[in-house]
Amino acid sequence: MTSPQRSPFELEVAKLIVEALKLKADPSSIEPEAALFGEGLGLDSIDALELSLAIAQTYGYLLKSSDPEIKSTFSSLRALARAIELHRTK
Amino acid sequence: MVDAPLIGSYRPDDVLAWDSDGPRSASEFLSEAINLAGVLPDRPSVLNLLTSRYEFLVGFAAAMLRRQVTLLPQSRAPETLRRIAVDQESCYCLTDRGEPVHDIPAVVLPAERGSSRGSWKIPHIPLQQHVAIAFTSGSTGQPTPNLKTWDALVSVARATARRLDLKAARVQGVVATVPHQHMFGLEASVMLPMQQGLTMHAGRPLFPEDIRAALAKSPERSLLVTTPLHLRACLLAGVRLPPVGMILSATSALTPDLAREAEQRFHAPVHEIFGFAEAGSVASRRTVADGDWRMLDGVALSRNGSRDSVQAAYLPCPVPIPDRISVTGRATFRVLGRVEDQVNIAGHRASLGDLTRQLLEVEGVHDGVFILPDGKEGSLSRLMALVVAPGKTQEDIQHALRRRLNPVFLPRPLLLVPRLPRNETGKLPREALRHLVERWKNESSHDL
């Protein structure tokens, strides 16, 4: 882990993930650089869909698989928070 | 009739599929399938793991031309694939990722696209030929093979097209969000378009924006083959879809409210299919109009001992329905609930007993059980597991389960407990389990 510290916005997105997916986890326990899917948090494509909805509703950012950076967007909490900050409309 | 054509009434230049490179004509498809058939290994069965729906179809058709059976695994979990490979010892796999699959010889696609344009002659496949095996989770832990004849797949495709009256709805294309290795996906997104001469979209759109983009690339008024989860996402995200001819949903029941909203927003009728891997699609309904399911033509309800079953000329014997139903007419029924022990998570069915058995095989697990918490209407329920495994962490066990199970069945949460409330006969009374879960919920103030 290069930087285990979470920014306030990363913590906000971590809370969104935990709430949207009804994970039994403490948002502050999500490692910012750890994988969200597969090993890591172990999310699957149904989670991706649920999470995309929560992101659309909260930040007005509609995710697309055709985005070239989509793989990296979902790679970690940090990457996801960065993408949301970049694309958010609300 | 002893055989049926590989594809429906396309003309050579008709677009059979849109893949990422653009349109694929029916004649291109035929020559690709025939070319591939010529180079496939000489083995009886093939694990078709191709991600593009079009490449999958090319592989499926080529395998049929070589009289090889296509294996449809429940998931890509390494342990699932390993067990299938052990069971079907001389299979090989078709893959586009070049990832090794448990020592199974692999053919990587797409190979060089052959430029040869063979003569336009649609091959016929004998109806009795075994063309696919859909695996379900059996009570023994070994995936249970369900053999599909060409007759079964063609009959279901024709009966579905007749029931939906795709011609009257002027449907010319199919876009699907469901995986083609899943029985419903194979029937509705591969067999249905290829038999009805429709244009198939090769992708598998996930997000609402993806679905919109896929529809925009497909013929106007396409059929959207999807699930309640994707439909709900499209509605909540407020996406504006291009004109859709019809929506076909399956894998879990749609609520009438969701169906009504989807019909209004997308200006298209929403139909549902009821089916299961052992028998394929067996009934349909238009959710806003019918509470009852109506059997597809050629499928009949029967009572087999204490279980309601379905039978059809293409099924070798009556197949028990994995839900509790109430028969409401000669060919109609209502679904009452799940058969004890059977769960359906996002369209994947499994037996809790089998999942528990796999949990108990994990090193370090002394005792354990999978349960389905009482879910709320409309939300996706996830399974829960109570596990006795001294010295192991939740992560250890989740890691081991991930190798064995389809990810949708991974427990959320997985609770480590000192012991399970077994009674003197060693059984786990449902009440005691519920009590344990309630206590955990109260202690951790979690809402399931």
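View 1. Of the 90 residues of chain A, 32% count as buried; a residue is called buried if 20 or more other C-beta atoms, placed from the backbone, lie within 10 Å of its own, exposed if 12 or fewer, and partly exposed in between. Please keep in mind that this is a predicted model, in which local features need pLDDT of at least 70 and side-chain atom pairs count only at pLDDT 80 or more, while totals for chains, interfaces and linings use all residues. Residues are numbered from 1 along each chain as its sequence is written, and chains are lettered from A and ligands numbered from 1 in the order in which they are written. Chain A has 4 helices and 0 strands, giving the pattern α-α-α-α along the sequence. Helices (H or I, at least four residues) and strands (E, at least two) are DSSP runs, numbered from the N terminus. With a radius of gyration of 12 Å, close to the 12 Å that the globule rule gives for 90 residues, chain A is as compact as a globular protein of that length. That radius is taken over C-alpha atoms, and the globule rule is 2.2 Å times the number of residues to the power 0.38. Along the principal axes, the C-alpha atoms of chain A fill a box of roughly 30 × 25 × 25 Å. Among contacts in chain A between residues at least 6 apart in sequence, 62% join residues at least 24 apart; here a contact means that two C-beta atoms, placed from the backbone, lie within 7 Å.

**View 2. Where chain B touches chain A.** Chain B brings 21 residues to the contact and chain A brings 17 residues. On the chain B side, α6 (208-217), α7 (228-237) and α10 (394-404) each supply at least two residues. The most come from α7(B), with 5 residues. Sorted by class, the side of chain B that touches chain A has 14 nonpolar, 3 polar and 4 charged residues. For this sorting, Ala, Val, Leu, Ile, Met, Phe, Trp, Tyr, Cys and Pro count as nonpolar, Asp, Glu, Lys and Arg as charged, and the others, Gly among them, as polar.

**View 3. Helix α8 of chain B and its buried side.** In α8 (residues 256-266), the buried residues are B:Ala259, B:Ala262 and B:Phe266. They cover an arc of only 65° around the axis, which puts them on the same side of α8(B); the arc is that of the directions from the helix axis to the C-beta atoms. An α-helix has 3.6 residues a turn, so residues three or four places apart point the same way. The buried residues of α8(B) pack against α7, β14 (244-249) and β15 (270-276) of chain B. Look to the face turned away from the buried side for the exposed residues B:Asp257 and B:Gln264. Following α8(B) comes B:His267, with a positive phi near 50°.

**View 4. Inside the largest nonpolar core.** This core has 160 residues, and those with the most contacts inside it are B:Ile247 and B:Ala385. A nonpolar core is a set of buried Ala, Val, Leu, Ile, Met, Phe, Trp, Tyr and Cys residues joined through C-beta atoms within 7 Å. Leaving aside neighbours within four places in sequence, the contacts of B:Ile247 include B:Leu224, B:Ala262 and B:Phe266.

**View 5. The loop between α10 and β27 of chain B.** B:Pro411 lies in this loop and is buried, with 22 other C-beta atoms within 10 Å. Beyond its neighbours within four places in sequence, B:Pro411 is in contact with B:Phe370, B:Leu383, B:Met384 and B:Ala385. B:Pro413 is found in the loop between α10 and β27 (414-416), and the peptide bond from B:Arg412 to B:Pro413 is cis, with omega near 0°.

**View 6. Two loop residues of chain B with positive phi.** B:Arg67, in the loop between α2 (53-65) and β5 (69-72), has a positive phi of about 60° although it is not a glycine. B:Arg67 counts as partly exposed, with 13 C-beta neighbours inside 10 Å. B:Asp165, in the loop between α4 (150-164) and β11 (173-176), is not a glycine either, yet has a positive phi of about 50°. With 11 C-beta neighbours inside 10 Å, B:Asp165 counts as exposed.
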